[in-house]
Amino acid sequence: MSQCKNTPKPHYIEYLGIKALKSSHPGVRKLKRQQQGHSAHGNKVWRSSFVLMDYLTTYPPEQSSRVLDIGCGWGLTSLFLAKQYSAQVTGLDIDESVAPFLALQSEINQCEMHFEARSFESLTREELSSYQTIIGTDICFWDEMTTPLFDLLGLALRAGVERIIIADPGRPPFWDLVDRCAQAFGAEVVARRIYEPWKTEKYVLVIEQA
Ligand SMILES: C[S@@+](CC[C@H](N)C(=O)[O-])C[C@H]1O[C@@H](n2cnc3c(N)ncnc32)[C@H](O)[C@@H]1O
């Protein structure tokens, strides 16, 4: 008889040394019951996060570098960078209801990041100048987001941010952003496929400056 028969499945997915909460996790279920709902899709960990984590294993940040995660949601990629590369990460999200999910995910991974409930449009050049890298996953999902994101990335580059990396499933607003960033900043885009925890392919927009 199998010894594993009655072993409960964990309520998280383990990937690259990080635990991503599933919606079946008791803590997640409790928080969802307490909340009325989310305003802008920060209601789970999105698959682009896993693809960006995989991409970052090939192109990691310097140890202990300062990273800003725009539209961080539950903060999975940020926590990965904090845990594996000692990055000092700030996650920013317009939806403050993501905060307790991020805190829970931070707790189960035993690593920390700083969170701010605010829009990326509110970032100043001075604030941006303190980061070496900006990351984002699945943050360009409405047509109206392309221009504010394009403006933010331009401001960040002028502020001296060295690298910007945004992963996306490939929605039309993202491709508009790619086109504009390729023309203005010499951005590149690569396809990246992972096979675990699911087989999925996403696109990664990369802008680098010396
Ligand atoms: C599809 S979710 C992706 C969340 C997370 N990056 C992930 O991959 O799991 C998009 C996130 O962007 C946030 N967001 C949308 N507009 C924003 C804005 N203007 N400033 C900051 N965050 C924003 C939403 O609240 C949401 O958490």
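Guide: Start with a cut-off: a residue counts as buried if 20 or more other C-beta atoms lie within 10 Å of its own, with C-beta atoms placed from the backbone. The model is a predicted one.

Take helix H3, residues 76-85. By that cut-off, 7 of the 10 residues of H3 are buried, so the helix is largely enclosed by the rest of the structure. The buried residues are Leu 76, Thr 77, Ser 78, Leu 79, Phe 80, Leu 81 and Ala 82. What do they pack against? Their partners are strand E2 (18-21), helix H2, strands E3 and E4, helix H4 (99-109) and strand E6.

Now the sheet. It is open, has 7 strands and mixed pairing, and runs in the order E5-E4-E3-E6-E7-E9-E8. Strands E5 (114-117) and E8 (188-194) are the edges; each has a single partner strand, so one side of each lacks a neighbour in the sheet. On average, neighbouring strands are turned by 20 degrees against each other, direction ignored. H3 packs on this sheet and touches E3 (66-70), E4 (88-93) and E6 (133-137). The direction of H3 makes about 170 degrees with that of E4.

H2 spans residues 47-58 and packs with H3 at an angle of about 25 degrees, the axes 9 Å apart. Angles under 35 degrees count as roughly parallel, so H2 and H3 are roughly parallel to each other. Their crossing is right-handed. H2 brings Ser 49, Leu 52, Met 53 and Leu 56 to the contact, and H3 brings Leu 76, Thr 77, Phe 80 and Leu 81. By class, the residues of this contact are 6 nonpolar, 2 polar and no charged.

The other helix neighbour is H4. The axes of H3 and H4 come within 10 Å and cross at roughly 30 degrees. H3 and H4 are therefore roughly parallel to each other too. H3 passes H4 in a right-handed crossing. Here H3 supplies Leu 76, Leu 79 and Lys 83, while H4 supplies Gln 105, Ser 106 and Asn 109. This contact divides into 2 nonpolar, 3 polar and 1 charged.

One point on spacing. An α-helix has 3.6 residues a turn, so residues three or four places apart point the same way. Compare the H3 residues in the H4 contact: Leu 76, Leu 79 and Lys 83.

Last, the end of the helix. Ser 86 follows H3, and its phi is positive, near 50 degrees.

Note on methods:
Residues numbered from 1 in each chain as written. Predicted model: local features only at pLDDT ≥ 70, side-chain atom pairs only at ≥ 80, totals over all residues. Pairing = 2+ DSSP bridges. Helix = DSSP H or I, 4+ residues; strand = E, 2+ residues; numbered from the N terminus. Axes fitted to C-alpha atoms, helices over the stretch in contact; angles between N-to-C directions. Contact = placed C-beta atoms within 7 Å. Parallel < 35°, antiparallel > 145°, perpendicular 65-115°, else oblique. Left-handed = near helix turned anticlockwise from the far one by under 90°. Nonpolar A, V, L, I, M, F, W, Y, C, P; charged D, E, K, R; others polar. Buried ≥ 20, exposed ≤ 12 C-beta atoms within 10 Å, placed from the backbone.
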